[in-house]
Amino acid sequence: MLEVEHLVVGVDGRRILDGVSLRVGAGEVLGVLGPSGSGKTTLLRAVAGLVRCEQGRVLIDGRDVTEVPTHRREVGLMFQDYALFPHLDVAGNVAFGLRVRGASRDEQRARVEEVLELVGLRGYGARAVSSLSGGERQRVALARALAPAPRVLMLDEPLGALDRALRERLLVELQELFATLGLTVVYVTHDQDEALTLSDALVLLREGRVVRRGSPAELRAHPGDVWSARFLGFTNVLEVEVRADSVLLAGEVLARTAGALPSGRCWVLIRPRGARLEDSAPVRGTVEGHLYAGDQLRVRVRVGEGATLDVPVGDDAAPPPGSEVGVVVEPAAVELLDRSP
Amino acid sequence: MSARRLRRALPAAIPLAFLAVFFAYPVTAIVLRGLRPGGAWDLGAFGEVLTDPSLRRVLWFTVWQAAASTVLTVVVGLPAAYCFARFDFAGKRLLWAALIVPFVLPTVVVGAAFLSLVGPRSPVGVDLQGTVWAILLAHVFFNYAVVVRTVGGLWMHLDPHLEEAARVLGASRWQSFWRVTWPLLRPAMAASSSVVFLFSFTSFGVVLILGGARYRTVEVEIYTQTARLLNLDTAAVLALVQLVAVVVVLAAYARYQERRALSQQLRPAEETARRLSGWRDRLLLGANLGVIALLLAAPLAVLVGRSLSTPAGWGFEAYRALGSSRRGSVLFVPPLEAVRNSVLFAGAATLIAVLVGTLASFAIADSGGREARHARWIDTALMIPLGTSAVTVGFGFLIALDEPPLDLRDSVLLIPIAHALVAVPFVIRLLVPALRSIDPELRDAAAVLGASPARVWREIDLPLVGRALLAGAGFAFAVSLGEFGATVFLARSEWPTLPLAIYRFLGQPGPLNFAQAAALSTILMGLTVAAMLLIERVRVARIGEF
């Protein structure tokens, strides 16, 4: 179990982490999602003891390790670019953590074989790390982090450097591995799909602060605020006007909601699956272009000055760019958002 | 002071103490000798030296020949740097390695080699002894590798796409060189030309042997004033003038590097070289190989030939004579003993240089961010002994370390310490880049995996710089083997070193003496080359500074 309490980390007078608190239960996978520069990597380095904390505490299995030096924290960290030791072969890399903890040669050999098998690199022990492909390096780094059986395994963008097909395959493998081993994991990424797939719980990090937390399902259902919704990959985040039970865009009625919303200007999320084109609709716009979301075709419609809406259409029913269309939205597809914190 | 800062300060303290006792203190003694001859400040000696017409000639000659040597070396070396950077040809790696040999050869060997080739007994009938050309040629011989390997070493990692992009944008061949490649090569150009300038400026052995009575550098003059004329005060002023000049050049260079620090995307050398195509390429490569053969190989070949020539044809007579102390010989001991002395001194000097150099390198490489400036100045400070010239070091030892509190006059250790002082900068130049090139994340990864700081040092740092360390040791060994300028002040007649023995033999008339000098030079060359071969074998593939 890992607990982080109000962690503050500064570098050269700038706060990289500004009071981050989080908790990962035993056997749980916590996804830490945030854009680059949000402090994700620093958070992992702080938990590992590689950067000094100005304030706050780090507890592992209930023990305060804030003042414990890195090499006695018994955490695992998989670096973004793997940081494999170039002067050691695959087995030497994987055995490193066992060796410096004084494990016997036999123990080392057995454990190295075991973890290499686990990551699908059986028989790779004597290979030089420079001869490995990107995917193989990733697996070696993972095996190295797993070998000493850390209390908490932290992964920093583990799939970031790999191409898409490989990434998807490894994502499934990681998911299986976490479940089989019952590991306590902190998984850092900027990719919302990765985070939503792997995590039991998620935190959204922005400029060194946690802006949103919850399960993947909760976050998908209620992204919360404008910034979080956009970062989670939702399009159709719009500023609209609400009057009684009507949502107005560019002065026309876009949707009628079931219950009454507070009147005034506010931000909403329109789920694409609840939007459709309709010739007689009062909200009029111009088709800007076509795009695919998975295997579903959508048209991007510009309404008025600032707003665009992505609306799903049938493959053979897409109006060409430039044509004028009307848009309506089902009430259930409208989600009210907070202003960004 | 926190424990962390203390841990950082310690590795710096030992090399700085070494520098203080064995460099700053002797140099201070020189300064005091020059500026306070009678116990009171007196700048009169300064004025006398600077207005003496013959000394002014020496100063002027020292400056212009150093400038001329630098320009000449760059002009000859730049095309070769291009060939090594951009062409693939048979034997390239071997030749690249062999280029380093002239640079590490002892000055007396170079002097002897040029004396054999273009001296009074020249096989090609050209006698340049006593002319400035012999000196300039020898300096180019010496420093060719500095320019070719420093500039070529950077050039081979420059992305050829940059020049191609310039060509596509409409630049001519010349424009794309001048506007794209040249600015990118400038750091290496500045580094190598300042090294060449300093080496030529403080040239001693070569000028002593080839310059005759007419041409003397400040360095030679210091030696002459001390050893021959016993004019210690004049020598001290000259040493002071030279020291100031060296510090000015080094400081200018350090400032330049600071302003010019430019990070660029470097490519692996294998990706930037191409096969020869067309007569232009062939001609350029052929011409450069010709220069290498004539300038670098011919003098050494003639030298070896000289050692094997006897009045009755070819033979090992000169070598056989080395085992015994001839009557009327210039040495008190059999010349072969000089070989043993040199190897022993070099071993001790290597030990000291590696110890001091390693600690200094860790101190320099360990400091990042705000301390980086600081580190650059330590780096420069430790370079000063290299530029200051061995003669100043030897002279300083002579006048400072022969009386309490430090009386080492009779200590055999004095020689290896002087040699180590000259060798430390080489160790640092090799080790610091190797240490800096270690990805700090490797240390972090090791710590996360449970390695204590000491363990990280042993398991990560040491193995990764091990080969650079060996290379540094080889360099230190070679430098010590060939050291002449300091040794000439410090070596006692019962402890001659190889270069000293060679110099003595060269000063004697008669073909056998010359053949013996050539034979000892050949042995010295063999030892040096052996040390260098070791370096090349263990050398880490990387972007080098020499």
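## Nonpolar cores

In this predicted model, the largest nonpolar core holds 159 residues. Ala423(B), Val427(B) and Ala476(B) touch the most other members. The top contributor is helix H19 of chain B, residues 414-436, with 16 residues in this core. A second core is separate and has 106 residues. Its members include Leu17(A), Val185(A), Tyr187(A) and Val329(A).

Ala423(B) has contacts beyond its neighbours within four places in sequence. They are Ala349(B), Ala353(B), Phe475(B), Ala476(B), Val479(B) and Ser480(B). In soluble globular proteins, nonpolar side chains tend to be buried together.

## Helix H19 of chain B

H19(B) is mostly covered, with 20 of its 23 residues buried. At 1.5 Å a residue, its 23 residues should span 33 Å.

## Contact between the chains

Chain B gives 16 residues to the contact, and chain A gives 16 residues. On the side of chain B that touches chain A, helix H20 (440-448) and helix H21 (453-482) each supply at least two residues. H20(B) has the largest share, seven residues.

By residue class, this side of chain B has 10 nonpolar, two polar and four charged residues.

## Chain A overall

Chain A has 341 residues, of which 40% count as buried. Its secondary structure comes to eight helices and 20 strands. The C-alpha trace spans about 80 × 45 × 35 Å along its principal axes.

Contacts between residues at least 6 apart in sequence show how chain A is connected. Among them, 66% join residues at least 24 apart.

## The four-stranded sheet

Chain A contains an open sheet of four strands in the order E2-E1-E4-E5, with antiparallel pairing. Strands E2 (14-24) and E5 (63-64) of chain A stand at the edges. Each has a single partner strand, so one side of each is left without a neighbour in the sheet.

Strand E1 (residues 2-11) of chain A runs antiparallel to strand E4 (residues 55-60) of chain A, and five bridges join them. Val4(A) has Val58(A) as its bridge partner in E4(A). Glu5(A) stands opposite Arg57(A) in E4(A). E4(A) is also joined to E5(A), antiparallel, by two bridges. Here Leu59(A) has Asp64(A) as its bridge partner in E5(A).

## Positive phi at two residues

E4(A) and E5(A) form a hairpin with two residues between them. Asp61(A) lies in the turn. Its phi is near 50°, a positive value in a residue other than glycine. Asp61(A) has 13 C-beta neighbours inside 10 Å, so it counts as partly exposed.

Glu157(A) also has a positive phi, about 45°, although it is not a glycine. It sits in the loop between E7 and H5 of chain A. With 20 C-beta neighbours inside 10 Å, Glu157(A) counts as buried. Most residues other than glycine have a negative phi.

## Helix H4 of chain A

Helix H4 of chain A covers residues 134-146. Its 13 residues should span 18 Å at 1.5 Å a residue. The end C-alpha atoms are 18 Å apart, which agrees.

Several residues of H4(A) are buried, including Gln138(A), Arg139(A), Val140(A), Ala141(A) and Leu142(A). Ala143(A), Arg144(A), Ala145(A) and Leu146(A) are among them too. The buried residues of H4(A) pack against strand E6 (75-78), H2, H3, strand E7 (152-156) and helix H5 (164-181) of chain A.

## An exposed glycine

Gly102(A) is found in the loop between helix H2 (90-100) and helix H3 (105-118) of chain A. It has 8 other C-beta atoms within 10 Å, so Gly102(A) is exposed.

Gly102(A) and Gly214(A) are 112 residues apart along the chain. Their C-alpha atoms are separated by 40 Å.

Conventions. Residues numbered from 1 in each chain as written. Chains lettered and ligands numbered in written order. Predicted model: local features only at pLDDT ≥ 70, side-chain atom pairs only at ≥ 80, totals over all residues. Core = buried A, V, L, I, M, F, W, Y, C linked by C-beta atoms within 7 Å. Buried ≥ 20, exposed ≤ 12 C-beta atoms within 10 Å, placed from the backbone. Contact = placed C-beta atoms within 7 Å. Nonpolar A, V, L, I, M, F, W, Y, C, P; charged D, E, K, R; others polar. Pairing = 2+ DSSP bridges. Expected span 1.5 Å × (residues − 1).
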